[in-house]
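Please look over the sequence and the model first, and then read on.

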Amino acid sequence: MATSAAAPPLCTWLVSACMSVSYEKHYTDPKRLSPWTKRKKFDSKCISRGGGDADFVSNLLTNGSGIQSSCLAFEKCKEYNHSEGLFALVGSQTAWTRKQRSINRPAAISVSGETVVVRPADGVTTEKKQLTKQRRVVVTGVGVVTPIGDEVDVFYNNLLEGVSGISEIEAFDCAQFPTKIAGEIKSFSTDGWVSPKLSRRADKFTLYLITAGKKALADAGITEEVLGKLDKRRCGVIVGSALGGMGDGIEALRVSYKKINPFGIPFATTNIGSALLAMDLGWMGPNYSISSACATSNFCILSAAHHIITGEIDVMLCGGSDAAILPIGLGGFVACGALSKRNGEPTKASRPWDINRDGFVIGDGAGVLLLEDLEHAKRRGAKIYAEFLGGSYTCDAYHLTEHHPDGSGLAFCIEKALVQSRVAKEDVNYVNAYGSSTPRGDLKEYRALIHCFGKNPELKVNSTKSMTGHLLGASGAVEAVATVKAIQTGWVHPNINLENPDEGMDMNVLVGIKKEPLDIKVALSNSFGFGGHNSSILFAPYKCI
């Protein structure tokens with residue numbers, strides 16, 4: 001294996017060296033040779049096999065028995081053992097300085113017991129790269145479409161006041177379903193955000209996505225004038241979805257395949273929202289979607305930040321969108337046995353960490369954040385909500401829908417996020433938890449949080465889902481918006497319906513049923529999804545360093 005792998009580069013530079021030797025032999029005045037060139041001629045003579053330069057080169061090019069027979073099966077002469085060996089063949093036509101020889105010295109490998117030096121392939125440098133300061137990523141705009149508001153200030157004020165967005169489903173007749181409630185968006189308008197033609201054709205998840213994305217731009221002060229000045233090759237969109245937009249097509253198929261929208265397949269794909277938003281803006285940077293169930297948004301946010309940190313991009317729209325309140329969506333989650341059946345009290349149905357919780361409540365919505373390179377944001381005078389510190393994603397590799405019993409996968413993800421972001425555990429004093437209101441999931445996340453941060457007396461934990469319901473692939477981005485708004489306002493929203501905490505719950509850690517003031521040092525936001533997908537992201541107040 002080592003022999004075959006090393007053959008091409010080794011033979012290539014040996015051939016080149018021998019050709020150089022041949023050139024010197026015929027065209028160089030021996031009296032004018034430098035000591036370095038004389039050494040090259042001396043070493044090449046030692047490995048010559050008696051057939052001259054041309055025969056040796058021919059042997060390298062035509063012998064099919066491998067590098068060992070073509071290049072290495074030579075007898076070393078006495079002088080070779082006292083020379084610098086094959087390294088002499090790597091030299092240029094002019095003498096190298098000691099420093100140059102040190103920089104360009106080829107590596108050594110062992111082939112069939114022989115030690116051989118190998119020169120790096122063309123275009124590969126062995127010089128150390130100059131260290132550059134890592135770019136900082138900040139949040140400069142946010143946009144939401146949720147059951148409790150589609151303007152970010154209205155949305156967060158409703159969270160602070162404990163307003164629930166859970167109600168009876170009105171979009172379709174759900175009398176046959178055991179669950180009849182959801183976080184439904186009752187009034188939504190695309191006016192001024194999406195063209196009328198697209199509004200008629202596209203699935204709701206796409207309309208929510210484009211609307212939230214453009215609201216994030218407006219919130220960031222990206223006017224038409226500013227938009228025209230941006231380098232659109234350095235602007236991208238990564239907004240994902242857990243389920244995409246197959247719902248309308250399935251409903252049409254109930255009548256006839258002829259009723260399916262000609263754009264049904266393109267509009268069903270999870271990437272279509274990002275694509276359409278980029279087309280509208282003319283942004284030519286990275287554009288794709290990530291679908292990792294209910295962890296989708298955090299995956300997209302992490303990927304977007306990576307594009308900025310590497311210097312490839314300056315501005316990224318990122319987040320998630322879903323619209324699953326359809327017969328197929330409701331029916332699918334009912335079949336999983338995952339939904340609350342508290343139909344008589346919709347606003348009390350989503351109750352993370354309460355002992356009487358009986359499942360989560362699905363909801364529709366979208367959340368989009370505008371991430372920006374700090375220096376780029378400062379140059380255009382942007383307001384800064386918070387700084388994105390980093391995060392991580394991992395996999396439980398355990399079960400289709402359940403976390404590992406001991407919560408080790410969740411704890412590993414959180415701890416990995418801290419390491420990646422260079423954040424100390426004691427600095428995290430706010431967690432916007434996944435907290436979906438499931439009997440087992442809430443406990444496992446709580447225990448993982450206590451394992452990681454339990455010694456922090458300032459730690460506060462809440463769940464936005466207690467009011468919005470579970471927005472699936474959009475939940476992480478909507479909760480990230482809630483997190484940066486908490487940093488901005490200094491207030492964390494309540495856990496509504498937490499009337500009887502489950503056994504082992506510490507109410508000094510969990511926010512109660514009223515909002516609380518908090519000077520946030522570092523905030524963590526968790527999102528987990530079917531398939532064992534775990535993700536954690538970290539934000540902090542922006543500080544000019």
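## Helix H7 and its surroundings

Helix H7 is followed by Gly-162, whose phi is positive, near 75°; helices here are DSSP runs of H or I with at least four residues, and strands are runs of E with at least two, numbered from the N terminus. Within H7, which spans residues 152–160, the residues Val-152, Phe-155, Tyr-156, Leu-159 and Leu-160 are buried, where buried means under 20% relative accessible area, exposed over 50%, and partly exposed in between (1.4 Å probe, protein chains only).

Seen down the axis of H7, these buried residues fall within an arc of 135°, so they line one face of the helix; the arc is that of the directions from the helix axis to the C-beta atoms. The buried residues of H7 pack against strand S3 (137–145), helix H19 (465–468), helix H20 (475–489) and strand S13 (491–492).

## The protein as a whole

The model is a predicted one, in which local features need pLDDT of at least 70 and side-chain atom pairs count only at pLDDT 80 or more, while totals for chains, interfaces and linings use all residues. Residues are numbered from 1 along each chain as its sequence is written, and side-chain values use heavy atoms, with hydrogens and water left out.

The protein has 20 helices and 16 strands, and buried residues make up 53% of its 545 residues. Among contacts (heavy atoms within 4.5 Å) between residues at least 6 apart in sequence, 78% join residues at least 24 apart.

## Ile-250

Ile-250 lies in helix H11, which covers residues 247–255, and Ile-250 is partly exposed, with a relative accessible area of 31%.
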